[in-house]
Amino acid sequence: MTGKSTLNADEWRVADPDRPSDLLAREQLLEMYYFTRLAREVEERLVILFRQSKVIGGLYRSLGQEGESVATAYALQRRDAVLPLIRNMGALMTMGVRPIEIFRQYMAKGTSNSRGRDLNIHIVHMPAPDTHEPVIVGPISMLGDSIPVAAGIAMGARMRNNPRVAMAWIGDGATSTGAFHEGMNFAAVQKIPLVVVAEDNKYAYSTPISQQMAIKRIDERAESYGIAHELVDGNDMLAVYDVAKRMVESARAGHGPQLIGIDTMRMQGHAQHDDARYVPKTLLDEWTAKDPLRRFRQVLIERSIAGDRELDYIDKMAKDYAAREADLAVDEPMPDPATVTRGVYAGDDYAVPRIELVKSPFARVSAGLKTRPTQEEVS
Amino acid sequence: MSGGSKDPPYTSAFIMAVITYLEAIRQALFDEMSADERVFVMGEDVGAYGGAFKVTEGLQDKFGEARVIDTPISEIAIVGSAIGASYMGMRPVCEIQFIDFIACCFDMLTNFAATSRYRNGAGVPIVVRGPCGGGVGGGPFHSLNPESFFLNTPGLKMVEPSTAYDAKGLLKAAIRDDDPVLYFEHKFLYRRIKDEVPDEDYIVPLGKAAVRCEGSDLTIITFGAMVHTALDAAKQLEADGVHAEVLDLRSLAPLDREAILASVAKTSRVLLLYEARRTGGIGGELAAIIAEEAFEYLDAPIMRIASEDAPVPYAPPLEAAFLPTVDKVVEGARKLVEY
C-alpha cells in the first residue's frame with residue numbers, strides 16, 4: 001500500500017501481484033473496516049440480549065476473529081458461495097446479510113430464516129441462478145460437514161454452467177474430523193473451486209491445538225491432499241485479504257481447491273457460559289495487543305486513508321445500526337406451535353431459503369472502484 | 001401410470017420386456033439421465049468398471065466422466081457433495097457400494113440432509129441407493145438391511161422394490177422426488193428376479209404399497225426379497241386351505257398406512273415379515289400402528305418374523321438359521337390362524 005486513495009488503469013499494472021490489497025480503493029478499505037466493526041457491534045448487542053435472556057440457548061462470540069472473517073469473504077465476488085461457522089459473523093456481514101436476520105435467529109423468532117427451527121447463524125440463502133447474490137449455507141453442529149457440502153456446491157454450480165467459488169471456514173478442532181478429510185480429498189481429486197479458511201484459534205472448546213494435531217502449522221493439513229496452502233497472520237486484515245484474493249482467483253481459474261491457514265486467537269470462551277479459565281492470561285494479553293480491528297484502524301490512519309474522526313463516525317454508524325436492528329427484532333413474534341411438523345417434506349413450502357441482503361453505505365462508491373471488473377459487470 | 005395400491009396396469013399399450021431387477025435399475029438410471037441433464041451418478045467404482053454389481057455398466061460410456069463420477073472411498077464426501085450439488089439444482093444419485101457402508105455417512109444423511117428442508121427450507125433432492133440384504137454369503141458387512149437405522153429420522157424417505165417393475169418405477173420416482181430418498185435394492189434379487197417392464201416412461205409413486213396376493217385369513221406385511229418368501233409361504237398355506245394376503249410395502253417411509261389398515265381390517269391376523277434383525281426393526285413400528293389404529297379388528301396377536309438378533313453370520317448354515325425362511329413363515333402363519 002502506498003496510501004493512495006484513488007486508482008486508475010495504469011496504476012493497476014504496477015501493483016505488486018502478491019499484494020492485491022494494493023488495488024483496494026479507499027472506499028473498499030473503509031467498507032472492510034465497517035463490516036468488521038459491524039460484526040463486533042452485532043455481537044455486542046447479542047451479549048445484551050443474552051443477558052436479558054432474550055437469546056435462546058448459547059451465544060458464540062467471534063471476538064478477535066472478525067477481521068479474518070471479513071478479509072477472507074471480501075476476496076470473493078458477490079455471486080460466490082459461503083459456508084461460515086459460528087465465529088464468522090464478519091463473513092456474513094461482508095456478504096450483505098442484514099443484521100436483523102442474525103438477531104431473529106438468536107432469539108428463535110418465527111420471522112427468522114429458520115422460522116425458529118434452528119439456532120444462531122444456521123441460515124441458508126439460495127438465490128435464483130440469474131441473480132447477483134451469494135449462496136449462503138450455514139453450518140450444522142457437526143463441524144466438518146460443511147467441507148464436503150461446500151465442495152458439492154462448487155461442483156454443482158460448475159455442472160450447471162453457473163460457476164461459483166465456494167469458501168468454507170473451519171476451526172482447528174473440526175479439521176480433525178473425517179468429513180474434513182473426505183471433503184478436502186474429494187475436492188482435490190475433482191479440482192473443485194473451493195477455498196477453505198482453516199482457523200487456528202488455539203482452542204476447540206477447551207482443547208488446546210497441541211492436543212488437536214501434531215503438526216505445527218494448521219495449513220499443513222492441506223499438504224497430503226495436494227492442495228495449495230499458506231499460513232497468514234489472521235489478525236492482519238490486509239495480509240489475510242492478500243492470501244485470500246490470490247487463492248480465490250486461483251480456484252476460479254481452475255487450479256483446484258486452496259487452503260488458507262489463519263493464525264488467530266479465540267478471545268472468549270467457547271460460548272458465553274464458558275469462562276475459559278483454561279486459557280493462560282499471558283496468551284490472551286499477547287493477542288489482545290494484536291486485536292484485528294484496532295490494527296486495521298491503525299493502518300488506515302498511518303496510510304492516511306482516514307482519520308480518527310471518520311473512523312469514529314463509522315464506529316457509531318455500525319453501533320447504531322446494530323442497535324436499531326436488534327430493537328426491531330425483539331418485538332417480533334415467536335413461531336406458532338401449531339407449525340411444529342410443517343416443512344419436513346416437500347409440498348409444504350413453509351420455510352423459504354432466503355434472507356434479506358443489504359448493501360453497505362460504501363457499496364455504491366466501492367462498486368465503481370473494483371480492482372478488476374466482475375463477470376457481470378463485463379456483461 | 002402406476003397402479004397405486006394394486007398391481008401395475010399391464011396393458012397392450014405398453015411394449016413389455018422381461019428383464020432382471022438389476023437391469024430395471026440400470027434402465028431407470030439411463031432413462032432419467034437421458035431425460036434430465038441435472039441427474040448424475042457418483043460412487044465408488046461406478047464409472048468404467050460399472051459398479052461392484054455392474055448396475056451402472058455402460059453409463060459412463062454414454063454420459064461421460066462428468067456425469068458418472070468415480071469417487072474416492074469416501075461415503076461422507078459422496079453424500080455431502082451430493083447435498084451441495086442438489087442445492088445448486090442438480091439431482092445426484094449416489095451409489096453406496098454395499099448398503100452396509102451407509103453407516104459411514106449416517107451423520108450426513110440424518111443430521112444434514114434430513115433436517116435441511118425443515119431448518120431453512122432448502123430441499124435436498126438426492127437419491128442414495130445401494131445393495132442390501134443377505135442370503136448370498138456376504139457376512140457381517142455385506143448383508144445389512146438398514147431401514148430401521150433411518151426410520152426414526154423424519155425428512156428422509158425410503159423405498160425397497162421387490163420386482164423389476166417396481167425397481168424401475170420406484171427409482172424414477174425417487175430421482176424426481178424433491179426430498180432425500182434412500183433406495184434399497186436387494187442383492188439377492190438382482191439377477192434372480194425377472195418380470196415384465198414397460199419401455200415407456202412410468203413411475204411407481206412413493207408411499208404406496210401393493211397387494212401381491214389376495215387372501216382372507218391373514219396378512220403378511222413385508223417388502224424386498226421377503227415378498228418372495230411370503231409368496232412361497234402363501235402357496236404352501238393355500239394347499240392347507242389357508243388364504244394369506246401378501247402386502248408389499250414398497251415404501252418404508254412414508255408408510256402406506258391406508259393399505260396396511262385396510263388389509264388388517266380384512267383378515268384380522270397379521271404376520272410382519274422383515275429381513276433385518278427383530279429387535280428395534282420396522283416390525284415394531286408396524287405393530288404399534290396396527291395396535292393403535294386397528295386393535296378392534298385383531299383376532300390374534302401381531303406376530304413378527306425377522307432375522308435373529310445377531311450380526312449377520314457368514315457360513316451358509318449359520319446364515320440359513322439367521323434369516324427368515326418359508327418354513328418359519330408357514331409355521332408362524334399356522335399358529336396365527338389357529339389362535
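A crossing of two helices is left-handed if the near helix is turned anticlockwise from the far one by less than a right angle, and right-handed if clockwise. The views below come from a predicted model, in which local features need pLDDT of at least 70 and side-chain atom pairs count only at pLDDT 80 or more, while totals for chains, interfaces and linings use all residues. Residues are numbered from 1 along each chain as its sequence is written, and chains are lettered from A and ligands numbered from 1 in the order in which they are written.

**View 1. Helix α6 of chain A crosses helix α3 of chain B.** Helix α6(A) (residues 146-159) and helix α3(B) (residues 75-87) pack at an angle of about 50°, with their axes 6 Å apart. Because angles under 35 degrees count as roughly parallel, over 145 as roughly antiparallel, 65 to 115 as roughly perpendicular and the rest as oblique, α6(A) is oblique to α3(B). The crossing of α6(A) past α3(B) is right-handed. Helices here are DSSP runs (H or I, at least four residues), and strands are runs of E with at least two, both numbered from the N terminus.

View 2. An automatic or database domain assignment divides chain B into domain 1 (16-198) and domain 2 (210-338), whose C-alpha centres lie 26 Å apart. Their contact takes 25 residues from domain 1 and 23 residues from domain 2.

Definitions and conventions. Axes fitted to C-alpha atoms, helices over the stretch in contact; angles between N-to-C directions. Contact = placed C-beta atoms within 7 Å.
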